[in-house]
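Subject: Structure handover

Hello,

Here is the structure for you to take over. Please open it alongside this message; the findings follow below it.

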Amino acid sequence: MVDGSEAGEARKRNDRAKLDALLGWCEVTDCRRRSLLEYFGDELEQDCGNCDVCLSPPEVFDGTEVARKILSAVYRTGQRFGAVHVIDVLMGKDTDKVRQHGHDELGVFGIGAELEQQQWRSVLRQLIVLGMLTVDSAGYGALQLSQKSRPLLRGETSLPLRRDLLLARNAKAAKRKGADVAVEDQDLFEALRECRKRLAVENAVPPYVIFHDATLMQMAADKPTSGEALLEISGVGQKKLERYGLMFLDVIGQASR
Ligand SMILES: [Zn+2]
């Protein structure tokens, strides 16, 4: 929508930066309320225990290396370029801009073949949300290192990132596959959805806050019979297990009778 709008280039740049900030916030690995309050200069002493991240923590991987690659690329290209160019350099792309600035001669050129463009973009957003990189809004969106990036560059801290950002492409395929619940599991799947609907109404929350469809599909396929087995299913965390586990186990138990 930003790209297709009638707005001038400066406005579009500003809108893209805002969109990035919002997407970055969607991808945080810590308590969402906490990061939101932090953004506005407030502090929360402990995790809220009530947001989607607290209720079902995302799987994370050690993103230290990939983060350091981005930070190095930003630094080596002189902190004068925006996300697109920095990622082009990392991925070793042969573009006019890369050649014009001789960036194909840099040591960081092409060191980022392990991720795809969208994934680099996501890592980059995280670094912005975490305050390690700043976007110079006056200067064409140039990325710049901040003080906060130092410990990571020095190897003093590590950086957890959401694993699902690595799976972005596969997830779509998995979702399509999940759309076909096995014929023999259809009834159970529907019963699980009914149960979710009831709980959603009782708790006055949208159904997906309880469990996503993908989680219910996996329940229908695996038919867990204990809390432990239920925890194995992606999307079920300790808190949700305590809150809703029994109800769903009950539905699964009834279906097998
Ligand atoms: Zn929280």
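In helix 5, the buried residues are Ala83, His85, Val86, Ile87, Asp88, Val89 and Leu90. Buried here means that 20 or more other C-beta atoms lie within 10 Å of the residue's own; 12 or fewer is exposed, anything in between is partly exposed, and the C-beta atoms are placed from the backbone. Helices (H or I, at least four residues) and strands (E, at least two) are DSSP runs, numbered from the N terminus.

Two notes on the source. Residues are numbered from 1 along each chain as its sequence is written. This is a predicted model, in which local features need pLDDT of at least 70 and side-chain atom pairs count only at pLDDT 80 or more, while totals for chains, interfaces and linings use all residues.

Helix 5 is mostly covered, with seven of its eight residues buried. What covers them includes helix 4, helix 6 (96–100), helix 7 and strand 3 (142–145). Contact between two residues means that their C-beta atoms, placed from the backbone, lie within 7 Å.

The axes of helix 5 (residues 83–90) and helix 7 (residues 117–129) come within 10 Å and cross at roughly 125°. That angle makes helix 5 oblique to helix 7. For the angle terms, under 35 degrees is roughly parallel, over 145 roughly antiparallel, 65 to 115 roughly perpendicular, and the rest oblique. Axes are lines fitted to C-alpha atoms, for helices over the stretch in contact, and angles run from 0 to 180 degrees between N-to-C directions. By type, the residues of the contact are five nonpolar, one polar and one charged. Nonpolar covers Ala, Val, Leu, Ile, Met, Phe, Trp, Tyr, Cys and Pro; charged covers Asp, Glu, Lys and Arg; the others, Gly among them, are polar.

Helix 4 (residues 64–76) packs with helix 5 at an angle of about 110°, their axes 10 Å apart. The two helices are therefore roughly perpendicular to each other. This crossing of helix 4 and helix 5 is right-handed. Lys69, Ile70, Ala73 and Val74 in helix 4 meet Val86, Val89 and Leu90 in helix 5. The residues of that contact divide into six nonpolar, no polar and one charged.

Backbone points

Just after helix 5, Gly92 takes a positive phi of about 70°. Most residues other than glycine have a negative phi. Gln79, in the loop between helix 4 and helix 5, has a positive phi near 55° and is not a glycine. With 16 other C-beta atoms within 10 Å, Gln79 is partly exposed. Ala204 has a positive phi of about 55° although it is not a glycine. Ala204 sits in the loop between helix 10 (186–203) and helix 11 (207–210), and counts as exposed with 6 C-beta neighbours inside 10 Å.

Domains

The protein is divided into domain 1 (9–171) and domain 2 (180–256), with bounds from an automatic or database domain assignment. The C-alpha centres of domain 1 and domain 2 lie 34 Å apart. Their contact takes four residues from domain 1 and six residues from domain 2.

Regards

Terms used:
A crossing is left-handed if the near helix is turned anticlockwise from the far one by less than a right angle, and right-handed if clockwise.
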